[in-house]
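User: I have a chain open on the screen and would like to go through it with you. Can we start with the fold and work down to single residues?
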Amino acid sequence: MTDFSVRPARAADMAAVHEMLQPFVMRRILLGKELVVLYEATQEFVVAVDDDDRVIGCGALHVMWEHLGEVRTLLVADEWLHRGVGRAIVDRLEDNARELGITRLFCLTFETAFFERRGFTEIGEQVVSPDVYSQLVRSPDEGIAEFLDLAHVKPNTLGNTRMLKQLA
């Protein structure tokens with residue numbers, strides 16, 4: 001019997017996601033996001049909820065290119081760590097990615113062991129073709145700049161590891 005479930009996020013969940021995010025921002029584990037940005041990205045998110053439908057974790061799938069997506073804003077409430085919540089969220093995001101035809105998932109993380117257990121590996125600098133790079137570099141999205149390892153974001157990075165997974 002599980003005491004949590006994972007479902008698509010609703011707009012009404014985003015204030016709770018924002019509140020959960022703040023301690024991770026303060027500990028410099030995740031970058032802060034304005035509440036309006038979270039609302040705008042509601043459709044990218046899934047949330048883990050307890051039996052009372054309280055948000056206990058979340059994660060987002062951001063499409064970066066035709067076959068490339070990013071796992072973003074993955075977090076689990078401290079009291080729910082090591083209970084399978086993070087794994088369930090990532091599994092759901094991977095399913096969502098497959099439904100969209102995404103074959104490679106990127107993440108930027110401090111939790112390398114967690115993502116390695118899920119098939120992610122550390123990546124170098126050149127992970128897309130020069131043509132795709134030339135298109136991606138035009139994006140104003142900071143996450144894409146992180147993925148491309150652009151120099152202008154390096155002073156803003158938290159020191160995380162860039163990882164990639166090939167989906168089956």
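What follows is a talk through the fold, the core and some single residues.

User: What kind of model is this?
Analyst: This is a predicted model.

User: How many helices and strands does the protein chain have?
Analyst: The protein chain has six helices and seven strands. Read from the N terminus, the elements go β-α-α-β-β-β-α-β-α-β-α-α-β.

User: In what order do the strands sit in the sheet?
Analyst: The order is β1-β2-β3-β4-β5-β7-β6. The sheet is open, and its pairing is mixed.

User: Which are the edge strands?
Analyst: They are β1, residues 4–8, and β6, residues 121–122. Each of them pairs on one side only.

User: What about β3 and β4, how do they pair?
Analyst: β3 covers residues 55–65 and β4 covers residues 68–76; the two are antiparallel, with seven bridges. Trp 65 stands opposite Leu 68 of β4.

User: And β7, which strands does it pair with?
Analyst: β5 pairs with β7 in the antiparallel sense over six bridges. β6 also runs antiparallel to β7, joined by two bridges.

User: Which residue of β7 stands opposite Phe 106?
Analyst: Leu 164 does. Leu 164 is also the bridge partner of Thr 121.

User: How many residues of β7 are buried?
Analyst: Five of its six residues are buried, so the strand is mostly covered.

User: Which helix lies across the sheet strands?
Analyst: Helix α3, residues 85–99, lies across β1, β2, β3, β4, β5 and β7. Its angle to β3 is about 30 degrees.

User: Let's go to the interior. What share of the chain is buried?
Analyst: Of the 168 residues, 46% count as buried. The accessible surface of the chain is about 9100 Å², and carbon and sulfur atoms make up 52% of that.

User: What share of the contacts joins residues at least 24 apart?
Analyst: Among contacts between residues at least 6 apart in sequence, the share is 69%.

User: How many residues are in the largest nonpolar core, and which touch the most other members?
Analyst: The largest nonpolar core has 39 residues, and those touching the most other members are Val 17, Phe 45, Val 85, Ile 89, Leu 105 and Phe 115. At least two residues of this core come from each of β1, α1, β2, β3, β4, α3, β5 and α4. Apart from this core lies another one, of five residues, including Met 64, Phe 106, Ile 123 and Leu 164.

User: Why would nonpolar residues group like that?
Analyst: In soluble globular proteins, nonpolar side chains tend to be buried together.

User: Back to Val 17. What does it touch?
Analyst: Leaving out residues up to four places away in sequence, Val 17 touches Leu 38, Phe 45, Val 47, Val 55 and Cys 58.

User: How many aromatic pairs are there?
Analyst: There are three aromatic pairs in the structure. One of them is Phe 114 with Phe 115, which is edge-to-face, with 5.1 Å from centre to centre and 85 degrees between the planes. Phe 115 and Phe 120 have ring centres 5.0 Å apart and planes at 80 degrees; that pair is also edge-to-face, because an angle over 60 degrees counts as such.

User: Which residues make up the aromatic cluster?
Analyst: Phe 114, Phe 115 and Phe 120 form one aromatic cluster.

User: Now Glu 94. Where is it, and is it buried or exposed?
Analyst: Glu 94 is in helix α3. Its relative accessibility is 5%, so Glu 94 counts as buried.

User: What does Glu 94 touch?
Analyst: Not counting residues up to four places away in sequence, Glu 94 touches Leu 105, Arg 118, Phe 120, Lys 165 and Leu 167.

User: Last topic, backbone angles. What is phi of Arg 28?
Analyst: Phi of Arg 28 is near 60 degrees, a positive value in a residue other than glycine. Most residues other than glycine have a negative phi. Arg 28 is in the loop between α1 and α2. At 53% relative accessibility, Arg 28 counts as exposed.

User: And Asp 53, what is its phi and where does it lie?
Analyst: Asp 53 has a positive phi of about 65 degrees and is not a glycine. Asp 53 lies in the loop between β2 and β3. With 40% relative accessibility, Asp 53 counts as partly exposed.

Technical notes. Residues numbered from 1 in each chain as written. Predicted model: local features only at pLDDT ≥ 70, side-chain atom pairs only at ≥ 80, totals over all residues. Heavy atoms only, no water. Pairing = 2+ DSSP bridges. Helix = DSSP H or I, 4+ residues; strand = E, 2+ residues; numbered from the N terminus. Contact = heavy atoms within 4.5 Å. Axes fitted to C-alpha atoms, helices over the stretch in contact; angles between N-to-C directions. Buried < 20%, exposed > 50% of the residue type's maximum accessible area, 1.4 Å probe, protein only. Areas by Shrake-Rupley, 256 points an atom, 1.4 Å probe, with all protein chains shown as cover. Core = buried A, V, L, I, M, F, W, Y, C linked by side-chain atoms within 4.5 Å. Phe/Tyr/Trp six-rings, centres within 6.5 Å; stacked < 30°, edge-to-face > 60°.
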